[in-house]
Amino acid sequence: MKASTSKIRTKAKKIVSKDIGFRKGDFVVYPTHGVGRVLGVETQEISGHSLQVIIINFDKDRMTLRVPLGKAKVSGLRKLSSRKEMDVALTKLKGRSKAKRTMWSRRAQEYEAKINSGDLIAISEVVRDLYRSDDQPEQSYSERQLFEQAMDRMSREIGSVNKLTLTEAVQLIEKQLAKSPRRGPKIEPDAEEAAA
């Protein structure tokens, strides 16, 4: 009877390993940390229980994360965006800013939630809304921080999908942002135009 039980456990482990959808070396997105690389799947002993974990390395942060296999989907761990999703995100950058006229603290929370969602399209909306061209008023410190965080997440994913360097990915994003309608300060009409 023990032999059949061990076969069942072995089969269950093989099935679970096939179902994760990530292989060693794959790039993945973890919502609160961005793009990382899967180092592998290990079984670890924690408090007397055996637990399979996906090991993900984030080079930029010099961090290694262990995500329990059973919690991977719930945590939002996902593969890189498809080219179609990436194209939609890049197209969003060309649109008009849709910043709400609510208090900054509420907007900042909404932007933070979008960034930490791990959704490339939501992150592109944050980049679009917080982008300032050279002829526009300067951002506040907190706006700049959120913009840089969103830009970093977006450029890392786009760079990984397109096999670009980080600099090339940032240039691609900035090129798309340059195509967006100008959101600079209103230009006051001349005295002659106002009289007419």
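This is a predicted model: local features need pLDDT of at least 70, side-chain atom pairs count only at pLDDT 80 or more; totals for chains, interfaces and linings use all residues.
Me: Over how many bridges do strand E2 and strand E3 pair?
Reply: Residues are numbered from 1 along each chain as its sequence is written, and side-chain values use heavy atoms, with hydrogens and water left out. Helices (H or I, at least four residues) and strands (E, at least two) are DSSP runs, numbered from the N terminus, and two strands pair if DSSP finds at least two bridges between them. E2 takes in residues 34–46 and E3 residues 49–58, and their antiparallel pairing runs over 9 bridges.

Me: Which residue of E3 is the bridge partner of Ile46?
Reply: E2 and E3 form a hairpin with 2 residues between them, and Ser47 in that turn has a positive phi of about 50 degrees. Glu45 has Ser50 as its bridge partner in E3. For Ile46, the partner is His49.

Me: Which residue in the turn between E3 and E4 has a positive phi?
Reply: E3 pairs with strand E4 (residues 63–68) over 6 bridges, again antiparallel. Phe58 stands opposite Met63 of E4. There are 4 residues between the two strands of this hairpin, and the one with a positive phi, of about 50 degrees, is Arg62.

Me: Which strands stand at the edges of the sheet?
Reply: The open sheet has 5 strands in the order E4-E3-E2-E1-E5, with antiparallel pairing. Each edge strand has a single partner strand, so one side of each is left without a neighbour in the sheet; these strands are E4 and E5 (78–79).

Me: Which residue of E5 stands opposite Val29?
Reply: E1 also pairs with E5, in the antiparallel sense, over 2 bridges. In E5, the residue opposite Val29 is Arg78.

Me: At what angle to E2 does helix H6 run?
Reply: The axes here are lines fitted to C-alpha atoms, for helices over the stretch in contact (heavy atoms within 4.5 Å). Angles run from 0 to 180 degrees between N-to-C directions. H6 (residues 141–162) lies across E1, E2 and E5, and its angle to E2 is about 90 degrees.

Me: Is Thr64 buried, partly exposed or exposed?
Reply: Thr64 lies in strand E4, where, leaving aside neighbours within four places in sequence, it is in contact with Ile55, Ile56 and Asn57. Buried means under 20% relative accessible area, exposed over 50% and partly exposed in between (1.4 Å probe, protein chains only). At 40% relative accessibility, Thr64 counts as partly exposed.

Me: How many of the 11 residues of helix H5 are buried?
Reply: The buried residues of H5 pack against E5, helix H3 (83–93), helix H4 (104–117), H6 and helix H7 (166–178). H5 (residues 120–130) is largely enclosed by the rest of the structure because its count of buried residues is 10.

Me: What is the relative accessible area of Ser124?
Reply: Ser124 lies in helix H5. Not counting residues up to four places away in sequence, Ser124 touches Ala89, Lys92, Leu93 and Met154. Ser124 is buried, and its relative accessible area is 0%.

Me: What is the centre to centre distance in the aromatic pair of Trp104 and Tyr111?
Reply: Rings of Phe, Tyr and Trp (its six-membered ring) pair if their centres lie within 6.5 Å; planes under 30 degrees apart count as stacked, over 60 as edge-to-face and the rest as tilted. Trp104 is partly exposed at 24% relative accessibility, whereas Tyr111 is buried at 5%. Their pair is tilted, with 50 degrees between the planes, and the centre to centre distance is 6.1 Å.
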